[in-house]
Amino acid sequence: MAVVHEREPVTEILRTMAVDDDVCGELVRAARAHSPEVARLTEAESRSHVRAMIRAAGEWFATFDGVEQQDFTAALLLGADRAGQGVAMTAVLRGVQAGLARALEITVERCRAAGVPDGTLLSVVLRLNEYGNAIERHVINGYRAAERATPHESAEVRTNVLRRLLVGGVVPSPLERAGAGMRPGGGPHHCVVADAGNPAAVRLLTDRLSGLGAVSGLIEGRLAGLCRRMPGIGETRAALVVVSPAAPLEEIRPLYRLCVRAVDIGVRQGRQGLYELTDFAAEIALADQPLLGAHLSAHLLGALDESDAFHRQLAVTALTFLDNGRRLDQSATALFTHPNTVRYRLGRLQQITGHPLTDLASGPLAEPLSTLHWWWALTTWLRQDPEPL
């Protein structure tokens, strides 16, 4: 058992290999060279599986637990993915075996270069062969499980796992996450939430997110998902989509709730397209203080009458003015009117309310805070339903 005493260099070698793009490229090329069916798939997809399995080997070698106690999520997911892509089982195994053989060769080369004794090296080879056999078994299990699952069952599994990750319940195990199509590892994920009001847009967005390796489903009446890479505008053009910053899975639930709040706000405003969660930071924060917003509205806009159409026009003009960086020309374009008309309405608003909007720097607060107060007051006031005539 000399390997137990000298496991550190071997473990470090495996961990280094897992993050070495050249090594991962060699293993992928070996698999593609021995399996034409695998060669027809994208190289990037194969790299993600290879990297995850080498990383898992390093973790196993560091603990020396029995093989069956290890996390083989990456192998299960590889088998399930290849079954879904229609690659024959024999072709999958040819690629896996070629990749494992090349990984063993590189490991031996690096161990010898690091001065690992021959006796220890023999034990390393035996243990890695044991690990490779377990990889093959789990690839087969993942492949067969995917073959047995119907599309409807797969969607139910994904939705169940997502609901437990995003809403609440027992946290899914790595095996359950793999069954839902999630890549192995607990790295950071972006939470994606979209308005599901347009079924055609939802189907299109679901397809595009799947192309990014995202796992998505309908949660609480909205399309929600998790992905490792930030979606681009091309994937989200057809719907309102809010994406959170990347975070570990254990921190994803509060981000999901904030994304839901942002989507609800965006729907009320008629927005479409891709937004980052932080784009809604001020609106979400202010929405959490409705009483304070009502008092601020009463303080700045108490002289306005909700039932007066002209007064509402003044408030809309002022809000548009703030939304356009206090630019008269841009505000006029947004309102389909002349800059002089915007200037007149802002003057009338000041006359009625007694508070200046255009000369914010003259107030008791710094300009950014004064602008924020006006924006909050106007937004709150305009959300009120006018009294029926």
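Trainee: How do helix 15 and helix 19 cross?
Mentor: The axes of helix 15 (residues 290–301) and helix 19 come within 8 Å and cross at roughly 100 degrees. Axes here are lines fitted to C-alpha atoms, for helices over the stretch in contact, with angles running from 0 to 180 degrees between N-to-C directions. Helix 15 and helix 19 are therefore roughly perpendicular to each other, a label for angles of 65 to 115 degrees.

Trainee: Which residues make the contact?
Mentor: Helix 15 uses Leu292, Gly293, Ala294, Leu296, Ser297, Leu300 and Leu301, and helix 19 uses His373, Trp374, Trp376, Ala377, Leu378, Thr380 and Trp381. Contact means heavy atoms within 4.5 Å. These residues divide into 10 nonpolar, 4 polar and no charged.

Trainee: Before I go on, what should I know about the model?
Mentor: It is a predicted model: local features need pLDDT of at least 70, side-chain atom pairs count only at pLDDT 80 or more, and totals for chains, interfaces and linings use all residues. Residues are numbered from 1 along each chain as its sequence is written, and side-chain values use heavy atoms, with hydrogens and water left out.

Trainee: OK, and where does helix 16 meet helix 19?
Mentor: The axes of helix 16 (residues 309–323) and helix 19 (residues 367–383) come within 10 Å and cross at roughly 140 degrees. On the helix 16 side the contact includes His311, Arg312 and Leu319, and on the helix 19 side it includes Thr371, Trp375 and Leu382. The contact residues split into 10 nonpolar, 3 polar and 2 charged.

Trainee: Switching topic, how many residues are in the largest nonpolar core?
Mentor: That core has 28 residues, and Leu166, Val193, Leu226 and Tyr256 have the most contacts inside it. A nonpolar core is a set of buried Ala, Val, Leu, Ile, Met, Phe, Trp, Tyr and Cys residues joined through side-chain atoms within 4.5 Å; buried means under 20% relative accessible area with a 1.4 Å probe, protein chains only.

Trainee: Which element gives the most to this core?
Mentor: Helix 13, with 8 residues. Apart from this core lies another, of 23 residues, among them Leu300, Leu314, Trp375 and Leu378.

Trainee: And the whole chain, how many helices and strands?
Mentor: There are 19 helices and 5 strands, taken as DSSP runs numbered from the N terminus (H or I of at least four residues, E of at least two). Buried residues make up 43% of the 389 residues.

Note on methods: Nonpolar A, V, L, I, M, F, W, Y, C, P; charged D, E, K, R; others polar. Buried < 20%, exposed > 50% of the residue type's maximum accessible area, 1.4 Å probe, protein only. Parallel < 35°, antiparallel > 145°, perpendicular 65-115°, else oblique.
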